[in-house]
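The following exercises concern the reading of a single protein model.

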Amino acid sequence: PLELLEYITNLNLVSTQSHMSEYHTDRVICFLRQDLRLPDESVELALKQSQSNRGNLPIVLWQYGLVTLHQLDRIYDWFESYVY
């Protein structure tokens, strides 16, 4: 929870095209945790991997088996609606 949000805020997350603002970072984390019900550990792992590999967060979630294809589609829909 609070530690995770502090960690995320310091990451300068890589979105599908560019760096997300702190506001968007907080919103995507809330979406992943509340709407998709992903555990904090899964979100943290995906964030670390996407940052270290300059990867795409939604794809990292899927590659690690943390989301289904249906959930991946929902993530991209969410990004399209709220980030871009």
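**Exercise 1. Determine which residues Ser42 touches, leaving aside residues up to four places away in sequence, and state where Ser42 lies.**

Solution. The model examined here is predicted.

Step 1. Beyond its sequence neighbours up to four places away, Ser42 touches Leu61 and Leu66.

Step 2. Ser42 belongs to helix H3.

Step 3. The relative accessible area of Ser42 is 14%; the cut-off for buried is under 20%, and Ser42 is therefore buried.

Step 4. With residues up to four places away excluded, Leu66 touches Leu38, Ser42, Leu45, Ala46, Leu61 and Gln71.

Step 5. For Leu66 and Ala46, the C-alpha to C-alpha distance is 8.3 Å, at a separation of 20 residues in sequence.

**Exercise 2. Describe the overall make-up of the protein chain: how many helices and strands does it have, and what share of its residues counts as buried?**

Solution. 

Step 1. The protein chain contains 5 helices and 0 strands.

Step 2. In sequence order, the pattern reads α-α-α-α-α.

Step 3. The protein chain has 84 residues, of which 42% count as buried.

Step 4. Contacts between residues at least 6 apart in sequence are considered next; 53% of them join residues at least 24 apart.

**Exercise 3. Characterise the packing of helix H2 against helix H3: what are the angle and the distance between their axes, and which residues make the contact?**

Solution. 

Step 1. Two packed helices are described by the angle between their axes and by the distance between those axes.

Step 2. Helix H2 (residues 22-35) and helix H3 (residues 40-52) pack at about 140°, and their axes are 10 Å apart.

Step 3. Angles over 145 degrees count as roughly antiparallel and those from 65 to 115 as roughly perpendicular; H2 and H3 are therefore oblique to each other.

Step 4. H2 and H3 cross in a right-handed manner.

Step 5. On the H2 side the contact is made by Ile29, Leu32 and Arg33, and on the H3 side by Asp40, Val43 and Leu47. Sorted by class, the contact of H2 with H3 comprises 4 nonpolar, no polar and 2 charged residues.

Step 6. Leu47, in helix H3, has a relative accessible area of 0% and is buried. The C-alpha atoms of Leu47 and Leu57 are 6.6 Å apart, the two residues being 10 residues apart along the chain.

**Exercise 4. Describe the packing of H2 against H5: at what angle do they pack, and which residues meet?**

Solution. 

Step 1. H2 and H5 pack at an angle of about 145°, with 11 Å between their axes.

Step 2. The crossing of H2 with H5 is right-handed.

Step 3. From H2, the residues His24, Arg27, Val28, Phe31, Leu32 and Asp35 meet Arg74, Ile75, Trp78, Phe79 and Tyr82 from H5. By class, this contact of H2 with H5 has 7 nonpolar, 1 polar and 3 charged residues.

Step 4. Asp35, a residue of helix H2, has 43% relative accessibility and counts as partly exposed. Leaving aside residues up to four places away in sequence, Asp35 touches Cys30 and Arg74.

Step 5. Asp35 and Arg74 are 39 residues apart in sequence, and their C-alpha atoms are 9.7 Å apart.

**Exercise 5. State how many aromatic pairs the whole structure holds, and explain why the pair of Trp78 and Phe79 is classed as it is.**

Solution. 

Step 1. The ring centres of Trp78 and Phe79 are 5.6 Å apart and the ring planes stand at 90°, so the pair is edge-to-face. The cut-offs applied are centres within 6.5 Å and planes over 60 degrees apart.

Step 2. Both Trp78 and Phe79 are buried.

Step 3. Phe31, Trp78, Phe79 and Tyr82 form one aromatic cluster.

**Exercise 6. Examine Arg37: what is its phi, and is it buried or exposed?**

Solution. 

Step 1. Most residues other than glycine have a negative phi.

Step 2. Arg37 has a positive phi of about 60°, although it is not a glycine.

Step 3. Arg37 lies in the loop between H2 and H3.

Step 4. The relative accessible area of Arg37 is 66%; the cut-off for exposed is over 50%, and Arg37 is therefore exposed.

Definitions and conventions: Residues are numbered from 1 along each chain as its sequence is written. This is a predicted model: local features need pLDDT of at least 70, side-chain atom pairs count only at pLDDT 80 or more; totals for chains, interfaces and linings use all residues. Side-chain values use heavy atoms; hydrogens and water are left out. Rings of Phe, Tyr and Trp (its six-membered ring) pair if their centres lie within 6.5 Å; planes under 30 degrees apart count as stacked, over 60 as edge-to-face and the rest as tilted. Buried means under 20% relative accessible area, exposed over 50%, partly exposed in between (1.4 Å probe, protein chains only). Contact means heavy atoms within 4.5 Å. Axes are lines fitted to C-alpha atoms, for helices over the stretch in contact, and angles run from 0 to 180 degrees between N-to-C directions. Helices (H or I, at least four residues) and strands (E, at least two) are DSSP runs, numbered from the N terminus. Angles under 35 degrees count as roughly parallel, over 145 as roughly antiparallel, 65 to 115 as roughly perpendicular and the rest as oblique. A crossing is left-handed if the near helix is turned anticlockwise from the far one by less than a right angle, and right-handed if clockwise. Ala, Val, Leu, Ile, Met, Phe, Trp, Tyr, Cys and Pro count as nonpolar, Asp, Glu, Lys and Arg as charged, and the others, Gly among them, as polar.
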